[in-house]
Amino acid sequence: MTTDSSVAKKPPLTLLLASPRGFCAGVDRAIHIVERALEKFGAPVFVRHEIVHNRFVVEELARKGAVFVEELNEVPDGAAVVFSAHGVPKTVPLEAKRRALTSLDATCPLVTKVHREAEQHHDLGRQIIMIGHAGHPEVIGTIGQVPDGTVLLVGTPEEAATVTPRDPDKLAYITQTTLSVDDAAEVIKVLQSRFPKIVSPKREDICYATTNRQAAVRTIAPRCDALMVIGSPNSSNSSRLVEVATRAGCARSVLVQRAAEVDWSELEGIERLGITAGASAPEILVEEVVAAVRERFDVTIEEVRVTTEMVTFKLPQSLTE
């Protein structure tokens, strides 16, 4: 038997696929809301802010007729508008109602849970400390559920160590749903040490999908020479996955949006590559990256599953009637 010596032999590579990865139930629901709205009302359907933080998803919906805007004043009278999965301040749906817009709320139900917590704490006279990232749409939306001055925002243990509430005995904390579990725990530890009477959530605010994806990455990272998180730079949960992987032992952990962005020179000489995807990244992008890896390596795939997700969320009744 003869071989073609001009064809270079591909180096072997074990590909560790983290599972769960990619879309969560809240993201899936939000995308379906936009698609159903387009079917029901026809294009264009306006969407306030990115429906989820993923460029590929946004561009696909735009191709189908969704128009993404920053504020409601960009939405013409009589149009249909969808609020993003990250949630919006209370003033936004009130303004939509005042203008008689057809509005659909795609806020993730787990974010809505945090909104209700904030309202309940306010009604009980508690000042709220929110653990989260300043400027993130979810944080803006949550703070906007209660009057100005009700919420103090902290993002680090250092900020938690200096925050000054008006009454330490009437205090509660809530968190952004997409934080690093470890980072949030450090902040919570400081708050509970300083304010022993602080009220915590009855159930963890960091969502199941964030927790599960971080657990999967934490499992594979020590076994990887390099790890890629597929997601957008403005996706909080995707960025946290890179941080989790790095802390768990894989120093060469990077965030990429698509296969075209991969710096293949960084993967020379590796034997084990980990791949996961943020909760707003579709599986098609994972498949795209895996196909690109196969072009360059002799790949053996090992899927590492830490749990099976069965969560689903219903669409708004107005879209199912």
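1. Strand 9 (residues 226-230) is largely enclosed by the rest of the structure, because 5 of its 5 residues are buried. Buried here means under 20% relative accessible area, exposed over 50%, and partly exposed in between, with a 1.4 Å probe and protein chains only. Helices (H or I, at least four residues) and strands (E, at least two) are DSSP runs, numbered from the N terminus. The model is a predicted one: local features need pLDDT of at least 70, side-chain atom pairs count only at pLDDT 80 or more, and totals for chains, interfaces and linings use all residues. Residues are numbered from 1 along each chain as its sequence is written, and side-chain values use heavy atoms, with hydrogens and water left out.

2. Which residues of strand 9 point one way, and which the other way? Ala226, Met228 and Ile230 point one way, Leu227 and Val229 point the other way, and all are buried. In a regular strand the side chains alternate between the two faces of the sheet.

3. Strand 9 has strand 11 (residues 272-277) as a parallel partner, joined to it by 5 bridges. Two strands pair if DSSP finds at least two bridges between them. Met228 stands opposite Ile275 of strand 11. Strand 9 is also joined to strand 10 (residues 253-256), by 4 bridges and again in parallel. In strand 10, Leu255 is the bridge partner of Val229, and Val256 is that of Ile230.

4. From strand 9 the chain crosses through helix 9 (residues 236-247) to strand 10, and this β-α-β crossover is right-handed. The term right-handed applies if, with the strands pointing away from the viewer, the path from the first strand over the helix to the second runs clockwise.

5. These strands belong to an open sheet of 5 strands in the order 10-9-11-1-12, with parallel pairing. Strand 10 and strand 12 (298-305) stand at the edges with a single partner strand each, so one side of each is left without a neighbour in the sheet. From one strand to the next, the twist averages 25 degrees. Axes are lines fitted to C-alpha atoms, for helices over the stretch in contact, and angles run from 0 to 180 degrees between N-to-C directions.

6. There is also an open sheet of 3 strands, with the order 7-6-8 and parallel pairing. Its edges are strand 7 and strand 8, each with a single partner strand, so one side of each is left without a neighbour in the sheet. Neighbouring strands of this sheet are turned by 25 degrees against each other on average, direction ignored. Strand 6 and strand 7 pair in the parallel sense over 4 bridges, and the bridge partner of Met130 in strand 7 is Leu153. Helix 4 (residues 109-123) packs on the sheet, touching strand 6 and strand 8, and its direction makes about 170 degrees with that of strand 8. Contact means heavy atoms within 4.5 Å.

7. Helix 7 lies across strand 6, strand 7 and strand 8, and runs at about 155 degrees to strand 6. Is helix 7 buried or exposed at Ala184, Val187, Ile188 and Leu191? These residues of helix 7 are buried. They cover an arc of only 100 degrees around the axis, which puts them on the same side of helix 7. The arc is that of the directions from the helix axis to the C-beta atoms. Lys189 and Ser193, on the other side of helix 7, are exposed. The cover over the buried residues of helix 7 includes strand 6 (127-131), strand 7 (151-154), helix 6 (157-160) and strand 8 (171-175).

8. The length of helix 7 (residues 181-194) agrees with expectation: at 1.5 Å a residue its 14 residues should span 20 Å, and its end C-alpha atoms are 20 Å apart. The expected span is 1.5 Å times one less than the number of residues.

9. Two cis peptide bonds deserve a look in the viewer. One joins Ser19 and Pro20, with omega about 5 degrees; Pro20 lies in the loop between strand 1 (12-19) and helix 1 (25-41). Another joins Ala43 and Pro44, with omega about 0 degrees; Pro44 is in the loop between helix 1 and strand 2 (45-48).

10. His49 has a phi near 70 degrees, a positive value in a residue other than glycine, and is found in the loop between strand 2 and helix 2 (55-64). Phi of Ala100 is also positive, near 60 degrees. Ala100 lies in the loop between helix 3 (91-98) and strand 5 (102-105), and is exposed, with a relative accessible area of 57%.
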